[in-house]
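Subject: Handover of a structure for your review

Dear colleague,

Please find below the structure that I am handing over to you.

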Amino acid sequence: MPKATAPPPTRTSVSAFESQPAGPPQWLRNATKAMQEKWRHDKFTVIQRRKVSPASTQEWRLKCLDCPGKLYTPGPGETLANYEIHLRNRLHRRRVNERVRREPVRSKL
Ligand SMILES: [Zn+2]
């Protein structure tokens, strides 16, 4: 067996359970990261939807930073397939392309 040194868990605080709202679930973070790697020019973020009642479960939405005012529901299941449909949308691609064209070319470090 290879002797692999596992990186230490990047857990900041364990006691922030009751007052602090938990971040997005792990699958959503993973899926967002994978999506970001796949669609490098696209900008989106995960936002927490305001709870309707304290008893209701937390809901998450994807926000496209190129198409303000629109929120997308993750899914189906533990995927972002719903949102990926938007990423393929012609209007969305045009906005991304226009933004990329406006942005200065990133200089190599
Ligand atoms: Zn968009």
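This is a predicted model: local features need pLDDT of at least 70, side-chain atom pairs count only at pLDDT 80 or more; totals for chains, interfaces and linings use all residues.

I begin with helix H3, which covers residues 90–102. Helix H3 has 13 residues and spans 18 Å between its first and last C-alpha, close to the 18 Å expected at 1.5 Å a residue. Helix H3 is hardly covered, with one buried residue among its 13.

The mean pLDDT of the chain is 85, and 78% of the residues reach 70 or more. Confidence is lowest in E1, at a mean of 92, and highest in H2, at 97. Over residues 13–17, by contrast, pLDDT stays under 50, and the model has zero contacts there beyond four places in sequence.

Overall architecture

The chain contains three helices and three strands. Along the sequence these elements follow the pattern α-β-β-β-α-α. Of the 109 residues, 10% count as buried. Among contacts between residues at least 6 apart in sequence, 34% join residues at least 24 apart.

The sheet

The three strands form an open sheet in the order E1-E2-E3, with antiparallel pairing. Strands E1 (44–49) and E3 (71–72) stand at the edges; each has a single partner strand, so one side of each is left without a neighbour in the sheet.

E1 and E2 pair over six bridges in the antiparallel sense. In this pairing, Phe44 has Cys64 of E2 as its bridge partner. E2 and E3 form a hairpin with six residues between them, and Gly69 in the turn has a positive phi of about 90°.

The nonpolar core

Which residues make up the largest nonpolar core? There are seven in all: Ala31, Phe44, Leu62, Cys64, Leu80, Tyr83 and Leu87. E2 and H2 each supply at least two residues of this core. In general, nonpolar side chains of soluble globular proteins tend to be buried together.

Phe44, in strand E1, counts as buried because 20 other C-beta atoms lie within 10 Å. Leaving aside residues up to four places away in sequence, Phe44 touches Leu62, Lys63, Cys64 and Leu65. Phe44 and Leu65 are 21 residues apart in sequence, yet their C-alpha atoms are 5.3 Å apart in space. Ala31, for its part, is in contact with Glu78, Thr79 and Leu80, its neighbours within four places in sequence being left aside.

Exposed positions

Is Arg50 buried or exposed? Arg50 lies in the loop between E1 and E2, and it counts as exposed because it has 8 C-beta neighbours inside 10 Å. The C-alpha atoms of Arg50 and Trp60 are separated by 9.0 Å, the two residues being 10 apart along the chain.

Ala22 belongs to the segment before helix H1 (26–38). With 9 C-beta neighbours inside 10 Å, Ala22 likewise counts as exposed. Ala22 and Gln58 are 36 residues apart in sequence, and 9.2 Å separates them from C-alpha to C-alpha.

A cis peptide bond

Finally, I draw your attention to the bond that joins Gly75 and Pro76, which is a cis peptide bond with omega of about 0°. Pro76 is placed in the loop between E3 and helix H2 (81–87).

With kind regards

Terms used:
Residues are numbered from 1 along each chain as its sequence is written. Two strands pair if DSSP finds at least two bridges between them. Helices (H or I, at least four residues) and strands (E, at least two) are DSSP runs, numbered from the N terminus. A residue is buried if 20 or more other C-beta atoms lie within 10 Å of its own, exposed if 12 or fewer, and partly exposed in between; C-beta atoms are placed from the backbone. Two residues are in contact if their C-beta atoms, placed from the backbone, lie within 7 Å. A nonpolar core is a set of buried Ala, Val, Leu, Ile, Met, Phe, Trp, Tyr and Cys residues joined through C-beta atoms within 7 Å. The expected span of a helix is 1.5 Å times one less than its number of residues. pLDDT is the predictor's confidence in each residue, from 0 to 100.
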